[in-house]
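Please view the sequence and the structure before reading on.

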Amino acid sequence: MVPVRRGGHASKDNHERWLLTYSDLITLLMIFFVVMYAISDTNAQKMAALANSLAQTLTGAPTTGILTSGGLTSIVPGIAPAPGQGDEGAELARARAELQQYIQQEGLESQVTLNTEERGLVVSVADAVLFPKGSADLTPEARALLRQVGRALARLPNYLRVEGHTDNLPINTPAFPSNWELSTARATNVVKVLISEAGIKPERLSATGYGEYRPVAPNNSEADMARNRRVDIVVLKEAYNVTEPHKGEK
């Protein structure tokens, strides 16, 4: 009787298990080269945003290094950027100081406020200094204020987003069926002045209306409602350029 050889199939399977490891390796290599190809045609701002995102994910802190024209300076948190890479912060600080001086000279502290946020510098203007109640037509005083603000911001390369806000009182007129239309029209009219009277290039600007849905205070008193009725001019940090459509970008 010929002895039966047991475990023949198991032995064959064991010899071919290296194929699983090999296929995994090939898959990882393919993914690696796809990622390398994808980032080879991207700009410095996108790489800076990627570096910050990776640093925040891995360490919980944003990196201070950015990508320069010569390559990645650093994506390690705490390493200072090379000389010249802090120019954006210096320019924003200079613009803020100029605007703060103008606000104080004109006695506008209660109507115009400046805030530095993660997204950039926010110039918040109360609607009372810009528009008559329920209207999107700028007053002559508003045009003078916007010219001054616009000139301080015109030399910056950053994108500017103009955001219109209202309180939660409903409006229903032929011109403005809701607060959406009113807030958007106000933001758009501010953009027009920044273009025509402050010399800001239109491709740097955008207008949006949030209606009553982005309040900075509860709508339970006239004082707080007045705070919510505002137009914000947001000077976006250059890192946010990756989220903005850019002329000439493929």
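Predicted model: local features only at pLDDT ≥ 70, side-chain atom pairs only at ≥ 80, totals over all residues.

The table gives the packing geometry of each pair.

| Helix pair | Angle | Axis distance |
|---|---|---|
| H4 (residues 87-106) and H5 (residues 140-154) | about 155° | 9 Å |
| H5 and H6 (residues 179-196) | about 60° | 9 Å |

**H4 and H5**

Helices H4 and H5 pack at an angle of about 155°, and they are therefore roughly antiparallel to each other. The cut-off for this label is an angle over 145 degrees. The crossing of H4 past H5 is right-handed. On the H4 side, the contact is made by Ala95, Glu98, Leu99 and Tyr102. H5 contributes Ala144, Leu145, Gln148, Val149, Ala152 and Leu153. Sorted by kind, the residues of the contact of H4 with H5 are eight nonpolar, one polar and one charged.

**H5 and H6**

H5 also packs with H6, here at an angle of about 60° with the axes 9 Å apart. That angle makes H5 oblique to H6. H5 passes H6 in a crossing that is right-handed. Arg143, Leu146 and Gly150 of H5 make this contact together with Val190, Val193 and Leu194 of H6. The residues of the contact of H5 with H6 comprise four nonpolar, one polar and one charged.

**Summary**

H5 packs with H4 at about 155° and with H6 at about 60°. H4 passes H5 in a right-handed crossing, and H5 passes H6 in a right-handed crossing.

Conventions: Residues numbered from 1 in each chain as written. Heavy atoms only, no water. Axes fitted to C-alpha atoms, helices over the stretch in contact; angles between N-to-C directions. Helix = DSSP H or I, 4+ residues; strand = E, 2+ residues; numbered from the N terminus. Parallel < 35°, antiparallel > 145°, perpendicular 65-115°, else oblique. Left-handed = near helix turned anticlockwise from the far one by under 90°. Contact = heavy atoms within 4.5 Å. Nonpolar A, V, L, I, M, F, W, Y, C, P; charged D, E, K, R; others polar.
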